[in-house]
Amino acid sequence: MSLLRRPLYQRSEGADDDSWRLALDTETSRLFVEHEKRRGDFRGAGYAIETDEIELAEFLKHPSHGREQLVKLLETLFADDSDVSRPTAA
């Protein structure tokens, strides 16, 4: 699996760190949000990293700073609306 990733948001609270990235699996063309959680002391045995994959639609349902950043990123894709075809009124 080859993943392309784009950072969305990162939050650090003491020894805990969370980061969210937009990810594209180039083999399956699956687009999702990757959430990486780092917990504990980096120097000790209590350190752990956990990564979750969140479907895009599910991620967009819940208000968060990461969601706000994803929406801003998606809006840039549509910023130049001169190429967008609009339905005509009947």
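Two strands of a protein pair if DSSP finds at least two bridges between them. With that in hand, let us walk through this predicted model.

**The overall plan**

The chain has 2 helices and 4 strands. The 4 strands make an open sheet, ordered β1-β2-β3-β4, and the pairing is antiparallel. At the edges sit β1 (3-13) and β4 (48-55), each of which pairs on one side only. From one strand to the next, the twist averages 20 degrees. As background, strands of a sheet pair through backbone hydrogen bonds, either parallel or antiparallel.

Look at β1 and β2 as an example: these antiparallel strands are joined by 10 bridges. Here you can find L4 standing opposite L24 in β2.

Now bring in a helix. α2 lies across β1, β2 and β3 (30-39), and runs at about 145 degrees to β1.

Of the 90 residues of the chain, 23% count as buried. The largest nonpolar core has 8 residues in all: L8, W20, L22, V33, L56, F59, L70 and L73. Two or more residues of this core come from each of β2 (16-25), α1 (56-61) and α2 (65-77). In soluble globular proteins, nonpolar side chains tend to be buried together.

**W20 and its aromatic partner**

Leaving aside neighbours within four places in sequence, W20 is in contact with P7, L8, Y9, R11, V33, E34, H35 and F59.

Y9 lies in strand β1 and W20 in strand β2, so the pair ties together parts that are 11 residues apart in sequence. Y9 itself counts as partly exposed, at 26% relative accessibility.

Which strand holds R21? R21 is found in strand β2. With a relative accessible area of 16%, R21 is buried. Beyond its neighbours within four places in sequence, R21 is in contact with R5, R6, P7, L8, F32, V33, E34 and E36.

R30 has its place in strand β3 and counts as partly exposed, at 27% relative accessibility. Again leaving aside neighbours within four places in sequence, R30 is in contact with A23, L24, D25, E53 and E55. R30 and L56 are 26 residues apart in sequence, and 9.7 Å apart in space from C-alpha to C-alpha.

Both arginines make polar contacts through their side chains, and the table lists them.

| Side chain | Partner side chain | Polar contact distance |
|---|---|---|
| R21 | S19 | 3.2 Å |
| R30 | E53 | 2.7 Å |
| R30 | E55 | 2.6 Å |

**Contacts across the sequence**

Finally, step back to the whole chain. Among contacts between residues at least 6 apart in sequence, 25% join residues at least 24 apart.

Key. Residues are numbered from 1 along each chain as its sequence is written. This is a predicted model: local features need pLDDT of at least 70, side-chain atom pairs count only at pLDDT 80 or more; totals for chains, interfaces and linings use all residues. Side-chain values use heavy atoms; hydrogens and water are left out. A nonpolar core is a set of buried Ala, Val, Leu, Ile, Met, Phe, Trp, Tyr and Cys residues joined through side-chain atoms within 4.5 Å. Buried means under 20% relative accessible area, exposed over 50%, partly exposed in between (1.4 Å probe, protein chains only). Contact means heavy atoms within 4.5 Å. Axes are lines fitted to C-alpha atoms, for helices over the stretch in contact, and angles run from 0 to 180 degrees between N-to-C directions. A polar contact is a pair of N or O atoms within 3.5 Å; within protein, one must be able to donate a hydrogen and the other to accept it, and residues adjacent in sequence count only if both atoms are side-chain atoms.
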